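Keep the sequence and the 3D view at hand as you read.

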Amino acid sequence: MIELGSTNNVRAAQGFIDYLSTQGLHGELKPAQPGHVIIAVDPEHFHAVQPLWNEFKTEPNHPRYSDAAWQSGRTDSGLVYSGNKLNLWQRFNGLSLLVKSVSIISVIIYALFLLGQFSHIFPLLQFKASQPLSWITPAVVHFSAIHLIFNVLWWLTLGPAIERQTSKLTLLSVFLLGSLASAWAQYTMVGPNFGGLSGVVYAQVGFCWIYPLLAKTKPMMTKAMIGFLLLWLVFGFTDTFFMPMANWAHLGGLVSGIVLALVMAFGSNKKAA
């Protein structure tokens, strides 16, 4: 192994190693003096890794490194973190305007519900077949803390992955199509009393699952993540969890994401040919 450099940001360094793994490159962390680690790489990968290392030194808290842990399937490096800060705010601040806006709006609306404004706000955002804007607004409405946290965390995880591998416009398309398809599916099958970002999340899942397979690009999600969310969808229809779930919204969102992935992948392959 050849030493590439060292850093005192151990958490970010592990993210860099995970990021190398997603690029088909191998690196390791080696303990150095207290609070520092050495990044070492295989000799045959040294020249390929050097420009990536320079990018890392410029933006060590870029979301690409934190997201890489999900893609690589790693959760722990075995190293002891000596009180290094997570820098969550810097990571969030580095996200795109769309990813941040949807997250913040969802949190604000739920906070207003907690402050007793539900009866005033929900009717304004509730799905109405005659009002096109209301076909999208239910996506930012959540009815419990768990509902909100689960959806926003997946949105924050998958949104940047889609943007990095495709574009911000693609994520916007996923959000709009997912919102529309999930809202109309749930309204048609059940009625207008629903809300949540989960339909959009499942649109992300459908896209992240199918697009890399057809476009022959690196995976955006691990198989375990895809399997978990698909099982969650299936179990939702069985009422196993004994709580209300917008199951048709989930299914509608998933289908919309798959359709978008098919269209984009075939278009990309046609251009390449």
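## A buried serine in a loop

S96 is buried, with a relative accessible area of 9%; buried means under 20% relative accessible area, exposed over 50%, and partly exposed in between, with a 1.4 Å probe and protein chains only. You will find S96 in the loop between α4 (88-93) and α5 (97-125). Helices (H or I, at least four residues) and strands (E, at least two) are DSSP runs, numbered from the N terminus. Setting aside neighbours within four places in sequence, S96 is in contact with E163 and K168, where contact means heavy atoms within 4.5 Å.

Two notes on reading this model: it is predicted, local features need pLDDT of at least 70, side-chain atom pairs count only at pLDDT 80 or more, and totals for chains, interfaces and linings use all residues. Residues are numbered from 1 along each chain as its sequence is written, and side-chain values use heavy atoms, with hydrogens and water left out.

## The overall layout

The protein has 10 helices and three strands. Starting at the N terminus, the order of elements is β-α-β-β-α-α-α-α-α-α-α-α-α.

Of the 273 residues in the protein, 45% are buried. Among contacts with a separation of 6 or more, 74% are between residues 24 or more positions apart.

## Helix α6 and its two partners

Let's turn to helix packing. Helix α6 (residues 145-165) packs against helix α9 (residues 223-237) at an angle of about 145°, and their axes are 14 Å apart. Axes are lines fitted to C-alpha atoms, for helices over the stretch in contact, and angles run from 0 to 180 degrees between N-to-C directions. The crossing of α6 and α9 is left-handed; a crossing is left-handed if the near helix is turned anticlockwise from the far one by less than a right angle, and right-handed if clockwise. On the α6 side the contact is made by F150, W154, T157 and L158, and on the α9 side by M225, F228, L229 and W232. These residues divide into seven nonpolar, one polar and no charged. Here Ala, Val, Leu, Ile, Met, Phe, Trp, Tyr, Cys and Pro count as nonpolar, Asp, Glu, Lys and Arg as charged, and the others, Gly among them, as polar.

With α8, helix α6 packs at an angle of about 35°, their axes being 10 Å apart. This crossing is left-handed too. From α6, the residues N151, W154, W155, L158, G159, I162 and Q165 meet S198, V200, V201, Q204, V205, F207, C208 and P212 of α8. The contact of α6 with α8 divides into 10 nonpolar, five polar and no charged residues.

## Cavities

A search of the whole structure turns up two cavities of 30 Å³ or more. On a 1 Å grid over the protein atoms alone, a cavity is a set of points where a 1.4 Å probe fits but cannot get out, and lining residues have an atom within 4 Å of a point. Grid points are joined across faces, edges and corners, and a volume is the space filled by probe spheres set on the points.

The largest cavity has a volume of about 80 Å³. It is lined by 14 residues, of which P138, A139, S182, F194 and G196 are the closest to its centre. Two or more lining residues come from each of α7 (168-189) and α8 (198-215), and α7 gives the largest share, three residues. The lining divides into eight nonpolar, six polar and no charged residues.

## Single residues worth a look

Back in α9, M225 is buried, with a relative accessible area of 7%. M225 and W209 are 16 residues apart in sequence, and their C-alpha atoms are 9.8 Å apart in space. K223 also has its place in helix α9, but counts as exposed at 77% relative accessibility.

In helix α6, I149 is partly exposed, with a relative accessible area of 48%. Lastly, K216 sits in the loop between α8 and α9 and is exposed, at 73% relative accessible area. K216 has a positive phi of about 55° although it is not a glycine. Most residues other than glycine have a negative phi.

Conventions:
1 Å grid on protein atoms, 1.4 Å probe; cavity = no way out; pocket = protein on both sides within 12 Å on 5 of 7 lines; lining within 4 Å.
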